[in-house]
Amino acid sequence: MKKIICATDYSNNSVPALKYAYALSKKINAELIILNIIEYPTVWNSDVPKPKFSDFESGAHKAYQKLLNEFCTTHLGANFNSQKVTLDVKNGEDVE
């Protein structure tokens, strides 16, 4: 089984890496996992849209999952998920 993991921070610099990983996954018929790692203090101080503070921890995952989907749609096209693509948002504490 072939897998490619592409981490993104939604920056302009991460777009070419995303496109390359996507093209490569299609070419070699590999599963592509597009990953974003969030850290709550860092996220709160960023310009990325965020939920109300009272709902922040519970709402952050959902908000960032939506943002990741929008980012991929913008840069890979609306049908990007017709391939073997998984979008994953993880809290920095959960990543090992």
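Reply: In this predicted model, strand 1 has a covered face with Ile4 and Cys6, while Lys3, Ile5 and Ala7 belong to its uncovered face.

Me: What makes the crossover from strand 1 to strand 2 right-handed?

Reply: The chain passes from strand 1 through helix 1 to strand 2, a β-α-β crossover. A crossover is called right-handed if, with the strands pointing away from the viewer, the path over the helix runs clockwise; this crossover is assigned as right-handed.

Me: Why are strand 1 and strand 3 said to stand at the edges?

Reply: The open sheet has three strands in the order 1-2-3, with parallel pairing. Strand 1 (3–7) and strand 3 (85–91) each have a single partner strand, so one side of each lacks a neighbour in the sheet. Neighbouring strands are turned by 25° against each other on average, direction ignored.

Me: What makes helix 1 a helix that packs on the sheet?

Reply: Helix 1 (residues 14–28) touches strand 1, strand 2 and strand 3, where contact means heavy atoms within 4.5 Å. The direction of helix 1 makes about 170° with that of strand 1.

Me: Why is Asn91 called buried?

Reply: Asn91, which lies in strand 3, has a relative accessible area of 12%. Buried means under 20%, so Asn91 qualifies. The C-alpha atoms of Asn91 and Ile38 are separated by 5.0 Å, although the residues are 53 residues apart along the chain.

Methods:
Residues numbered from 1 in each chain as written. Predicted model: local features only at pLDDT ≥ 70, side-chain atom pairs only at ≥ 80, totals over all residues. Heavy atoms only, no water. Pairing = 2+ DSSP bridges. Helix = DSSP H or I, 4+ residues; strand = E, 2+ residues; numbered from the N terminus. Axes fitted to C-alpha atoms, helices over the stretch in contact; angles between N-to-C directions. Buried < 20%, exposed > 50% of the residue type's maximum accessible area, 1.4 Å probe, protein only.
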